[in-house]
Amino acid sequence: MSPLRARKNNHTEPVDFLPPDEVVFGWSAKMMELRERAAKVCRTNVPVILQGEGGTGKEVLARWIHKNSSYCNGQFVKVNCAAIPGTLMESELFGYGKGAFTGAHAMKPGRVEQAHEGTLFLDEITELDLGLQSKLLHFLQDGHFSRIGEETERVVETRLICATNKDLEQETASGRFRADLYYRINVLRLRLPCLRERGEDIPVLAEYFLALFQKKFEKEAEPLNKGMVKYLQNLDWPGNIRELSNGIARYVVIGPEASITQEPTVRQANSTLGNQVAGGTIPLKQIAREAIREREKSYILEALQANQWNRRRTAKALKISYRALIYKIRNAGLLERGAENLAPGPKNAASSSHPSAD
């Protein structure tokens, strides 16, 4: 088999810009386990599925696997299956010959050919229509395919990585994803945890994005103080790493007065409550109580951050007693998630170990 030369275009991107490994993986236990499994994956050429919520870093991990695999000398070719209309996807993947259809004035290699001896990354693979899933399955079986409008059969060798934020088993059971394709690609699966599941990695991520955007925007920003970082660690981050990145970008561009989080905790709570209301599963009085509780939690977090997590100054700023603040912190679940981050009030060490004592 003579190798096919990959054509460089805007779909074949270098991976040298990847963040350092300590940023890609952090230091949390879940990410250390993921890194260990990903390293083993690099030594194989079997299909890999990356599963996780939007913004958890699936593409970054795919590029890391490519860079550390035996396919690193080939191209990393990304295909966003959700962004390309179904009518165009076949020609994008497999290319077409001259005269294959109106407007095909010259032949065009597909992205499968561009990924020869490299990595083909199919992002949001569940968005492929069933007909194209069938053709993809045939290609994966032996690496053979034909461009649209051509009878010549071509052969490529590529490493396949797929990504999805959906439940593949559920998509297959519902008939939206072919079972035979599912069994073909479901050899190794790596699950990327949500950012809220790896809060200890937020400091290194925040500092990385701060340096990155200062360089990109050629603007020096105020350092993230300890209180701000602890505040970020206590948020839910429904948008995951992407949301954190965007927030730090706002911080660099606008300054400390910018809202890094845009109240994600409240947004997520409102979304959850809305779903419960639609399902008719929650009384109106409970909805009001939950909404007030989440809003109060958000304000307490902001006040703690503004006062460098000093509880006594925070209580004074909120015009409530110190004891009441401690109660609200516990009731909101903040004490368990960040008790070590709360600066003790002006008492001795013995009393600071019992924050409820005033």
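Which residues of H9 are buried?

1. Basis. This is a predicted model, in which local features need pLDDT of at least 70, side-chain atom pairs count only at pLDDT 80 or more, and totals for chains, interfaces and linings use all residues. Residues are numbered from 1 along each chain as its sequence is written, and side-chain values use heavy atoms, with hydrogens and water left out.

2. Helix H9. The buried residues of H9 are Ile202, Leu205, Ala206, Phe209, Leu210 and Phe213 (buried means under 20% relative accessible area, with a 1.4 Å probe and protein chains only). Seen down the helix axis, these residues fall within an arc of 135°, so they line one face of H9; the arc is taken from the directions from the axis to the C-beta atoms. An α-helix has 3.6 residues a turn, so residues three or four places apart point the same way.

3. Cover and end of H9. Helix H1 (21-25), helix H10 (226-233) and helix H11 (240-254) are among what covers the buried residues of H9. After H9 comes Glu218, which has a positive phi, near 50°.

4. Strand E6. In strand E6 (residues 119-123), 5 of the 5 residues are buried, so the strand is largely enclosed by the rest of the structure. Thr119, Phe121 and Asp123 lie on one side, with Leu120 and Leu122 on the other. In a regular strand the side chains alternate between the two faces of the sheet.

5. Neighbours of E6. E6 pairs in the parallel sense with strand E3 (residues 76-80) over 5 bridges (pairing requires that DSSP finds at least two bridges between two strands). Leu120 is the bridge partner of Val77. E6 and strand E9 (residues 159-164) also pair in the parallel sense, over 5 bridges, and Thr119 stands opposite Arg159 of E9.

Methods. Buried < 20%, exposed > 50% of the residue type's maximum accessible area, 1.4 Å probe, protein only. Helix = DSSP H or I, 4+ residues; strand = E, 2+ residues; numbered from the N terminus. Contact = heavy atoms within 4.5 Å.
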